[in-house]
Amino acid sequence: MVLGGGEADGTGCALGGRDAAMDAALGALYGGGGSAGSRKGSGERSAGLGGSAPNVARWLGDIRTYFPSSVVQVMQRDAIERLGLSALLLEPEMLEAVEPDVHLVGTLLSLNKAMPETTKETARAVVRKVVEQLEKKLATRTRATLTGALDRSARISRPRHHDIDWDRTIRANLKNYLPEYRTVVPERLIGYGRAAQSVKKEVILCIDQSGSMAASVVYASVFGAVLASMRSIATRLVVFDTAVVDLTDQLDDPVDVLFGTQLGGGTDINRALAYCQSKITRPADTVVVLISDLYEGGIRNEMLKRVAAMKGAGVEFVTLLALSDEGAPAYDREHAAALAALGAPAFACTPDLFPEVMAAALEKRPLPVP
């Protein structure tokens, strides 16, 4: 990239071997028209991937050979966006050559309805690989964090030694400080109650499946499956555009959840919240997580009234503009401000922060807004 190519570099030095191959792979994507890695004349490079599946499959293999996985994922994303290669992903041999990542899953989900039957099994295998990687990364910490939050939800005054909340116990007994011994006498112990195996909390994930929310849909589906695996949390997963679909019965397999979504289309947040509201049976023990960029195509005032009504009944309401590593997308700032005024601040959340956000919501303490 620094040297350019042909006469453009002005150095008089030609690339060879592995350097030349890397240069060709980069030029095929970023250098202009033509076919992958082809050259014209003496040293003049003609780059591009064209519309040929064999050329693209060969290029995908090349970049996996020459670049680390993180770079490969960026180049694949650029190729899909810059060169319009989405249609080629409908071919099984193409999918087998691609490095799977969250963004590729989002692209495949957006193509789901157009995907031929010969490709669907390969696409599911690609999606499953990404989902399993995410579950492996996120599940243990999520379960540990939320189990701790549920255990702390009940305070007891006669705790076992390993259940003592030392911070709260010390604060409650500061009046019993003995200067000569430089210690506090804990006359009153405060501890964590251990959550029983019965359901303690209910969580409703309400996910906007408009095209801009693709990565959030992927992460939310994985987290939904993790939450559903915890016996002390009753989890419901709802996706929406202008229609509402309840995918709760598919939560045992997040791949089924993802293929049950339909990315794209309009947005009716009010209708989705109306459905979620109808499923709440224990408001004081319920957390509703709305994941949306808040561009509402439905009735704005009704949407806000529903949020206010749920909060008034004791529901913990969390608004996430995104659940991904990309930060906040474009979003409706007026709606975000209106929700914040109701006590439901809207913010983007990374997957790493999500367990802490959920723990705070379950314990009814301030959210760790970044």
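The numbered points below go through the pockets and then the salt bridges.

1. First, some ground rules. This is a predicted model, where local features need pLDDT of at least 70, side-chain atom pairs count only at pLDDT 80 or more, and totals for chains, interfaces and linings use all residues. Residues are numbered from 1 along each chain as its sequence is written, and side-chain values use heavy atoms, with hydrogens and water left out.

2. Start with the largest pocket, which holds about 490 Å³ of space. (On a 1 Å grid over the protein atoms alone, a pocket is an open set of points where a 1.4 Å probe fits, with protein on both sides within 12 Å along at least five of seven lines; lining residues have an atom within 4 Å of a point. The volume is the space filled by probe spheres set on the points, which are joined across faces, edges and corners.) Its lining has 26 residues, and Glu81, His103, Gly211, Ala214 and Ala215 lie nearest the centre.

3. Which helix gives the largest share of that lining? It's α5, with six residues. Helices α3 (69–83), α5 (102–110) and α8 (214–228) each supply at least two. (Helices are DSSP runs of H or I, at least four residues, and strands are runs of E, at least two, numbered from the N terminus.) By class, the lining has ten nonpolar, twelve polar and four charged residues. (Asp, Glu, Lys and Arg count as charged; Ala, Val, Leu, Ile, Met, Phe, Trp, Tyr, Cys and Pro as nonpolar; the others, Gly among them, as polar.)

4. The second largest pocket has a volume of about 290 Å³. Gln73, Asp101, Val102, Leu134 and Tyr219 are the closest to its centre, out of 16 lining residues. Two or more residues come from each of α3, α5, α6 (117–152) and α8, and α6 gives the largest share, five. Here the classes are six nonpolar, three polar and seven charged.

5. Now the salt bridges (a side-chain nitrogen of Lys or Arg within 4 Å of a carboxyl oxygen of Asp or Glu): the count comes to 13. In one of them, Arg236 pairs with Asp246, the closest N and O atoms being 2.5 Å apart. Arg236 is in strand β8 (residues 233–240) and Asp246 in strand β9 (residues 244–246), so this pair ties together parts ten residues apart in sequence.

6. Arg282 and Asp285 also form a salt bridge, at 3.5 Å from N to O.
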